[in-house]
Amino acid sequence: MRLWRSKPASPARQPAALRAGIDLRAQGARGAEIPASRSVEVGRTRLVVASVLFSIGFLAVAGRLVDAMVIGPAMTPVAEPAEEATATARRADIVDRNGLLLATSVVTKSLYANPSEILDVESATAALITVLPELSADTVRQRLSLDRQFIWLARNLTPSEYLAVHRLGIPGFYFLDEPRRIYPQGALTGHVVGFTDVDGHGLSGIEQSFDEALLSGQGPMTLSLDLRVQHILREELSAGAEEFQAIGASGMVMNANTGEVLAMVSLPDFDPNHPGEAEEIARFNRNTLGVYEMGSVFKIFNTAMVLDAGLANPNSVYDASHPLQIGRFTINDFHPMWRPLTVAEILVHSSNIGSALMARGAGAERQEAFMRQAGMLERSPVELPEVGAPIVPSPWRDINVLTIAYGHGLAVTPIQVVSGFAAVANGGTLVPATLLRHDPDDTVEGRRIISEGTSAMMRRLMRLVVSEGSGRANADGYEVGGKTGTAEKARGRSGYNENAVLSSFIGVFPMQDPQYVVLVSLDEPKGNAETYGFATGGWVSAPVVSRVVSRIGPLLGVDPVDPDDPAVRNALDFTIAGQ
């Protein structure tokens with residue numbers, strides 16, 4: 001790089017001395033030209049290098065500050081958290097029979113603190129409860145004052161809660177990733193699926209029964225439930241309970257041949273996402289934990305027992321023309337016919353007197369043995385922890401024989417009755433009730449309780465109850481059979497409350513080829529103008545079953561039939577003697 005730019009005068013025109021001076025200056029300038037250029041270049045290079053190094057250092061320091069003040073507290077604890085802070089493994093999903101999600105786990109942020117790092121307990125407490133108002137100030141203050149390195153403050157925060165706490169920027173507050181159990185269907189399947197605690201351990205329902213299997217992470221676990229059927233049953237059951245001002249209701253849909261429960265609803269119900277907010281009665285599963293005297297639905301078992309034992313046939317006659325007096329007890333009919341009745345008429349008109357006389361002929365030993373075979377004297381094997389034990393008379397006296405014939409004196413869970421009905425209708429085999437989906441190729445084992453011939457006759461009689469009796473459960477295109485039941489609720493040890501009843505209907509369809517059993521029970525329904533003030537099973541529960549069958553039949557692939565089809569008539573027609 002040159003230090004000048006103008007061209008010097010010609011040496012020939014200058015004095016010698018001057019030329020000599022100029023030469024000397026020129027030589028000196030040329031001799032200094034290279035060192036001066038290098039000096040400038042070196043200086044500039046050093047300046048650039050220093051600037052780059054300074055920038056890198058500044059960025060490193062800035063990055064460390066951001067990590068320490070922002071990212072670190074939010075994402076990474078400065079110290080290894082205590083063993084209790086370790087996140088649990090992902091819990092397996094639970095799905096319905098069609099693969100729809102019933103329970104899953106998502107990753108959430110949980111808040112913990114290192115009390116030794118809290119600068120001001122009072123201000124930290126005050127700030128935290130402003131964004132998490134559900135926390136107790138006293139509890140937070142106490143925890144932040146502990147002489148520990150780790151304490152939980154809040155588990156499974158929502159995204160908005162996490163951001164709110166994070167923005168507080170309180171030193172000593174840290175977050176940890178944890179799985180949270182989520183129930184997408186909410187209250188729809190709460191009683192069946194159940195829920196877990198904050199650490200991911202099952203506390204009720206399937207979550208508790210299969211806790212270890214779900215914790216293993218294998219899955220998903222497939223239940224027998226069909227969400228479509230579950231939704232329809234809950235909707236119709238809720239409408240029925242509201243219409244008749246019932247204090248509660250329960251219902252089920254079961255595959256009559258496999259024992260698979262497609263729907264199970266208990267009202268009132270609860271949201272398993274917030275189990276702590278539910279009242280105890282809402283968490284009570286009436287279908288499996290409730291133990292009730294089910295009333296006249298037991299006449300199906302009584303009739304099947306007598307017919308299968310050969311003690312009578314459908315046209316055998318019993319004298320129901322007057323009340324039956326047993327010691328200080330009197331057995332009456334709700335709608336007395338005041339005449340002798342055949343076995344078929346006893347069932348169609350739901351005669352308590354006739355049923356008691358039939359049972360008397362069978363005797364206590366035979367009745368107890370039959371009820372045991374039908375699964376009425378033992379807990380249901382359904383895969384829930386909430387399963388009630390039946391209340392069985394001991395000793396089994398003569399008066400028990402008579403009252404059990406029409407559904408009093410033996411208290412059972414509704415799921416036991418549904419399983420028993422399935423056995424009576426499906427050809428005579430009792431299969432275990434289950435909430436797990438069977439593989440279509442699986443062979444379902446069961447035990448025979450009546451012959452196929454008796455089962456075929458019972459199908460005709462159950463259809464007769466709907467077509468000519470009190471069971472108002474007809475559904476267009478589907479031949480429905482079943483039985484009503486209206487049981488007065490026990491009033492402690494002082495007898496029964498005639499103004500508080502459990503009104504039920506258990507239906508089977510299609511009756512010519514039984515595939516599904518449907519139960520609807522309303523607890524303490526109130527009659528209205530449309531029912532002429534009656535709140536019996538035939539008036540309040542049977543219509544609900546009718547609506548359920550009409551809606552779920554097409555979904556389940558059950559083709560409607562013409563009732564006049566010869567094949568249907570041959571399978572179901574029955575004529576009562578004398579008519």
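**Helix packing and local geometry in a predicted model**

Among contacts in the protein chain (heavy atoms within 4.5 Å) between residues at least 6 apart in sequence, 72% join residues at least 24 apart. The structure is a predicted model, in which local features need pLDDT of at least 70 and side-chain atom pairs count only at pLDDT 80 or more, while totals for chains, interfaces and linings use all residues. Residues are numbered from 1 along each chain as its sequence is written, and side-chain values use heavy atoms, with hydrogens and water left out. The protein chain has 18 helices and 16 strands; these are DSSP runs numbered from the N terminus, with helices being H or I of at least four residues and strands being E of at least two. Of the 579 residues in the protein chain, 48% are buried (buried means under 20% relative accessible area, exposed over 50%, and partly exposed in between, with a 1.4 Å probe and protein chains only).

Helix 9 (residues 298–308) packs against helix 15 (residues 452–468) at an angle of about 140 degrees, and their axes are 10 Å apart. Here, axes are lines fitted to C-alpha atoms, for helices over the stretch in contact, and angles run from 0 to 180 degrees between N-to-C directions. Helix 9 and helix 15 are therefore oblique to each other; angles under 35 degrees count as roughly parallel, over 145 as roughly antiparallel, 65 to 115 as roughly perpendicular and the rest as oblique. The crossing of helix 9 and helix 15 is right-handed (a crossing is right-handed if the near helix is turned clockwise from the far one by less than a right angle, and left-handed if anticlockwise). Helix 9 contributes Ile300, Thr303, Ala304, Leu307 and Asp308 to this contact, and helix 15 contributes Thr454, Met457, Met458, Leu461 and Met462. By class, the contact of helix 9 with helix 15 has seven nonpolar, two polar and one charged residues; Ala, Val, Leu, Ile, Met, Phe, Trp, Tyr, Cys and Pro count as nonpolar, Asp, Glu, Lys and Arg as charged, and the others, Gly among them, as polar.

Helix 11 is another partner of helix 9. The axes of helix 9 and helix 11 come within 10 Å and cross at roughly 40 degrees, and the two helices are therefore oblique to each other. This crossing of helix 9 and helix 11 is left-handed. Lys299, Asn302, Thr303, Met305 and Val306 in helix 9 meet Asn352, Ser355, Met358, Ala359 and Ala362 in helix 11. Five nonpolar, four polar and one charged residues make up the contact of helix 9 with helix 11.

Helix 12 (residues 364–373) has Gln367, Phe370 and Met371 as its buried residues. They cover an arc of only 100 degrees around the axis, which puts them on the same side of helix 12; the arc is that of the directions from the helix axis to the C-beta atoms. The buried residues of helix 12 pack against helix 9, helix 11 (352–362) and helix 13 (398–404). Just after helix 12, Gly375 takes a positive phi of about 80 degrees.

A further pair is formed by helix 8 (residues 227–243) and helix 17 (residues 542–555), whose axes come within 10 Å and cross at roughly 160 degrees. That makes helix 8 roughly antiparallel to helix 17. Helix 8 passes helix 17 in a right-handed crossing. The contact of helix 8 with helix 17 has eight nonpolar, one polar and five charged residues.

Phe421 lies in helix 14 (residues 414–425) and is buried, with a relative accessible area of 0%. Leaving aside neighbours within four places in sequence, Phe421 is in contact with Val297, Ile300, Phe301, Met462, Lys483, Ile506, Val508 and Val517. The C-alpha atoms of Phe421 and Val517 are separated by 7.4 Å, although the residues are 96 apart along the chain. Thr125, in helix 2 (residues 121–131), counts as buried at 1% relative accessibility.

The backbone also has some local features to check. A cis peptide bond joins Leu267 and Pro268, with omega about 0 degrees, and Pro268 is found in the loop between strand 7 (261–267) and helix 9. Another cis peptide bond joins Phe509 and Pro510, with omega about -15 degrees. Gln245 and Ser350 each have a positive phi of about 50 degrees although neither is a glycine. Gln245 is exposed, with a relative accessible area of 56%, whereas Ser350 is buried at 15%.
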